[in-house]
Amino acid sequence: MSHFISFNQQVALLATMHQKEQVIAPILHRELGLTVHVPTQFNSDRFGTFTREIPRPGQQLETARLKAQAVLAEEDVMIALASEGSFGPHPSLPWLACDRELVFLLDHRHQLELVGQAISTDTNYAQQRVTHPDEAQTFAEKVGFPEHGLVIRPAPEQNDPLWKGVTDPDQLQDCVQTLLQQQGSACLETDMRAMYNPTRLQVIGKATEDLVRKVRQTCPNCNWPGFDVVRRNAGLPCEWCGQPTLGVLQQIYRCQSCSHEVIEKYPEGRETNDPSQCSYCNP
Ligand SMILES: [Zn+2]
Ligand SMILES: [Zn+2]
């Protein structure tokens, strides 16, 4: 059985109210011929927001899936897109902040789900409590204000921000002054909503390009898209003693549709591991 799935001349709706279409739509139109629109009445904030007024349900992928399913249920369209970001310490470089973006495609015609991802340390994600207007100014400059927006709260644990999407230097100073007079300090943080964060938009663009790669990565047996790595096996032999190490020996691609598997040996381009990584040679 062969599925050749095309998105050319199709229309998708993107579940966003934060102008993510600015970056997602041109890439998908250029690369796949897919036209992306935004629903006129879609409140994506009910699924959780970065400014924390509404708790985020479930994990990143589950949230994206819920948004895309809501679009398919509410709108007369067969293809839905959703994008989710999360911010925090980098998984392998925990001293660096990182932005993990995911762009999710749900195609009701074929019951197909595809996920593009990007992880980047290029983010301005930061918070700071300030007790002086100059400190606020320094923080603002460091995080790329006013091109990047700010959120201002009385206290970090306070979920209701007093101001968000602040991009006007005078408003920033007024807000900070108000809080300093009231309580002696103010909590500033970067506004991570896409339209207030051009750096984040760029990472969403990279995740969109990864989605395009997933569309093109098709199963050699049945042409189903999203033919992707599902498992990596350790056991790369040590260069000196030949004993297996924790280095990746092979990775396994699997088709979501027909379960066809392809094993790729030495995916990192080397057939032995450095003896410094060997528990016999370097215990
Ligand atoms: Zn060894
Ligand atoms: Zn297949």
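**Close-up views of the predicted model**

Figure 1. L96 sits in the loop that joins β3 (79–89) to β4 (97–107). Helices (H or I, at least four residues) and strands (E, at least two) are DSSP runs, numbered from the N terminus. A few notes on reading these views: this is a predicted model, in which local features need pLDDT of at least 70 and side-chain atom pairs count only at pLDDT 80 or more, while totals for chains, interfaces and linings use all residues. Residues are numbered from 1 along each chain as its sequence is written, chains are lettered from A and ligands numbered from 1 in the order in which they are written, and side-chain values use heavy atoms, with hydrogens and water left out.

Together, L93, W95 and L96 make a nonpolar surface patch of about 320 Å². Patches take residues with over 30% relative accessible area and no salt bridge, joining like charges within 9 Å and nonpolar side chains (Val, Leu, Ile, Met, Phe, Trp, Tyr) within 5 Å. The areas come from the Shrake-Rupley method with a 1.4 Å probe, and for residues only the protein chains shown count as cover. L96 has 33% relative accessibility, so this residue counts as partly exposed; buried means under 20% relative accessible area, exposed over 50%, and partly exposed in between (1.4 Å probe, protein chains only).

**Figure 2. The zinc ion (ligand 1) and its four cysteines.** Donors are N, O and S atoms within 2.8 Å of the metal (3.2 Å for Na, K and Ca); water is not among the atoms, so sites may look incomplete. The angles among the four donor atoms run from 104 to 114°, and the site is tetrahedral. C278 is buried at 1% relative accessibility, whereas C281 is partly exposed at 30%.

**Figure 3. The zinc ion (ligand 2) and its donors.** Here the SG atoms of C219, C222, C255 and C258 lie 2.2 to 2.4 Å from the metal. This site is tetrahedral too, with angles of 105 to 117° among its four donor atoms. The donor residues are spaced C-x2-C-x32-C-x2-C in sequence. C255 is buried, with a relative accessible area of 2%, while C258 is partly exposed at 31%.

Figure 4. Side chains of opposite charge can pair when their charged atoms come close. A salt bridge is a side-chain nitrogen of Lys or Arg within 4 Å of a carboxyl oxygen of Asp or Glu, and by this rule the count comes to 14. D210 is buried, with a relative accessible area of 11%, and K214 is buried with a value of 11%. The salt bridges also link D210, R213, K214 and D228 into a network.

Elsewhere, D107 pairs with R109, with 2.8 Å between the closest N and O atoms. D107 is buried at 0% relative accessible area, but R109 is partly exposed at 29%. In the salt bridge between E268 and R270, the closest N and O atoms are 3.5 Å apart. E268 is partly exposed at 48%, and R270 is partly exposed at 35%.

**Figure 5. The largest nonpolar core.** A nonpolar core is a set of buried Ala, Val, Leu, Ile, Met, Phe, Trp, Tyr and Cys residues joined through side-chain atoms within 4.5 Å. The largest has 33 residues, of which F7, I24, L28, L34, L81 and L105 touch the most other members. At least two core residues come from each of β1 (11–14), α1 (21–32), β3, β4, β5 (112–120) and α5. Helix α5 supplies the largest share, seven residues.

**Figure 6. Q181 and the chain as a whole.** Q181 belongs to helix α4 (residues 169–183) and is exposed, with a relative accessible area of 67%. Between Q181 and C238 there are 64 Å in space, C-alpha to C-alpha, and they are 57 residues apart in sequence. The chain has five helices and twelve strands, and its C-alpha trace spans about 65 × 60 × 30 Å along its principal axes. Of its 283 residues, 47% count as buried.

Definitions and conventions
Tetrahedral: all angles 85-135°; square planar, octahedral: opposite > 155°, others 65-115°.
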